[in-house]
Amino acid sequence: MAIVIIRQDNKIDSWKKALKANAPDIPIYSYLEEHPKEEITLACVWKQPVDSLTQYPNLKCIASLGAGVDFIFKDQSVPENIPITRVVDPVLASDMSEFVLALILNYFKNLNNYRTDQMKKVWYPQEYKRISDVTVGIMGMGALGEKLAEDLIKNRFEVIGWATSPKNIPGVEVYNGDKEKNTFLSRSNILVCLLPLTRQTTGILNNKLFKELPKQSYVINVARGGHLVDEDLLEYINNGHLAGAGLDVFHEEPLSVEHPFWTHPKIHITPHVASVSDIESVIPQLLENYGRLKEGLPLNNAVNREKGY
Ligand code: NDP
Ligand code: OXD
């Protein structure tokens, strides 16, 4: 049994070093080095190259090194019968919650505008918003959505949520499914998307949805670029229905230099940094599942292939 790490950024060595430090007896390889393919039972992946997962005849589990697994399902070459797991981690959740809180407060207090004014030596006080002015609607009340809701409540926000199934989260009214979606939207002055990207949720942030939001709502997408119909967002900001948007994720990453989001005064973009898996925090769950594979036990944080998340 052995582990292979497959990712196309410059983080393979850090993951490998940390895994080895925590489990010196387990053989751990980068997919870029010579390695015995038949020994690999666990593949730890992030945006793997197409076909890279087809080379392991004894693969028993594909572990996403992030919370999302959409990139695994997108790769048609990924074997259909192998269990997939994902990261569910308190550090990932608190990082996300801090990021969204920062975006909301930044928007309320016009901080980006003042920074731009500062560069031009412009003194231009503007009206600001308060926490008590808004209800935050969170689409997706999973590991990240629930933690965000808890933290927003601690900061005196009124919070509502939307998911497929009922939830019991103190202080949060959670709406379910399509029939309650419009009621949820009609109350969301700040809409935060924390949905997984699936067949059902692709393109969900579109003009039909924006129309249901209260006038001057602010949209935050920290989930996946595929949730958003870019032209619809531009239309609804430019026609004045939406106040603006904070976007961390895009259809194409890095975002093309030609894209109108870069220069739009009401769109705040960041380069997919809302919450990045913390290696030390995530490693214990990878090793726990490696041990479970060995023992033939059910895997933790398993993805439901039918649902796609
Ligand atoms: P979870 O799987 O824990 O939660 C997903 C939530 O979405 C669940 O509450 C689920 O409902 C709900 N949901 C799924 N499909 C629908 C639907 N069709 N209608 C209504 N609700 C739906 O995911 P996480 O919270 O761990 O992560 C969410 C996403 O955040 C990830 O998939 C990833 O894409 C993104 N992400 C982005 C990061 C960034 O840096 N920008 C970092 C980390 C994650 P139910 O509970 O009823 O199943
Ligand atoms: C994730 C991400 O899904 O970083 O973890 O986007």
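In sorting the residues around a ligand, Ala and Trp are among those that count as nonpolar, Arg is among the charged ones, and Gly is placed with the polar ones. With that in mind, the shell around ligand 2 in this predicted model divides into two nonpolar, four polar and one charged residue. Its members are W46, G66, A67, G68, R224, H272 and S275. W46 and A67 belong to the nonpolar class, and R224 to the charged class.

A backbone N or O atom of A67 lies 2.7 Å from an oxygen atom of ligand 2. At G68, a polar backbone atom is 2.8 Å from an oxygen atom of the ligand. H272 takes part through its side chain, a polar atom of which lies 2.7 Å from an oxygen atom of ligand 2. Taken alone, ligand 2 exposes 210 Å², and the protein buries 86% of that area.

Attention now turns to the aromatic side chains. The structure holds eight aromatic pairs. One of them joins Y107 and Y218, whose rings are stacked, with 3.9 Å centre to centre and 10° between the planes. This pair links distant parts of the chain, as Y107 sits in helix α3 (residues 90-108) and Y218 in strand β10 (residues 217-221), 111 residues apart. Y107 and Y218 are both buried. A further pair, between F108 and F157, is tilted, with 6.2 Å between the ring centres and 40° between the planes. F108 lies in helix α3, whereas F157 is in the loop between α5 (143-154) and β7 (158-163), so this pair ties together parts 49 residues apart in sequence. F108 is buried, as is F157. Taken together, ring pairs link Y107, F108, F157 and Y218 into a cluster.

Side chains of opposite charge can pair when their charged atoms come close. The model contains nine salt bridges. In one of these, D151 meets K147, with the closest N and O atoms 3.1 Å apart. The two residues are four apart in helix α5, which means that about one helical turn separates them. D151 counts as buried because its relative accessibility is 13%, while K147, at 22%, counts as partly exposed. Salt bridges that share partners join K147, D151 and K154 into one network.

The salt bridge between R187 and E173, with 3.1 Å between the closest N and O atoms, connects two separate elements. R187 is in the loop between α6 (181-186) and β9 (190-193) and E173 in strand β8 (residues 173-176), so the pair ties together parts that are 14 residues apart in sequence. R187 is partly exposed, with a relative accessible area of 27%, and E173 is partly exposed too, at 44% relative accessibility.

Finally, K11 is found in the loop between β1 (2-7) and α1 (12-22). At 31% relative accessibility, K11 counts as partly exposed. K11 and K181 are 170 residues apart in sequence, and their C-alpha atoms are 39 Å apart in space.

Conventions
Residues are numbered from 1 along each chain as its sequence is written. Chains are lettered from A and ligands numbered from 1 in the order in which they are written. This is a predicted model: local features need pLDDT of at least 70, side-chain atom pairs count only at pLDDT 80 or more; totals for chains, interfaces and linings use all residues. Side-chain values use heavy atoms; hydrogens and water are left out. Buried means under 20% relative accessible area, exposed over 50%, partly exposed in between (1.4 Å probe, protein chains only). Rings of Phe, Tyr and Trp (its six-membered ring) pair if their centres lie within 6.5 Å; planes under 30 degrees apart count as stacked, over 60 as edge-to-face and the rest as tilted. A residue is near a molecule or strand if one of its heavy atoms lies within 4 Å of it. A polar contact is a pair of N or O atoms within 3.5 Å; within protein, one must be able to donate a hydrogen and the other to accept it, and residues adjacent in sequence count only if both atoms are side-chain atoms. Accessible areas come from the Shrake-Rupley method with a 1.4 Å probe; for residues, only the protein chains shown count as cover. A salt bridge is a side-chain nitrogen of Lys or Arg within 4 Å of a carboxyl oxygen of Asp or Glu.
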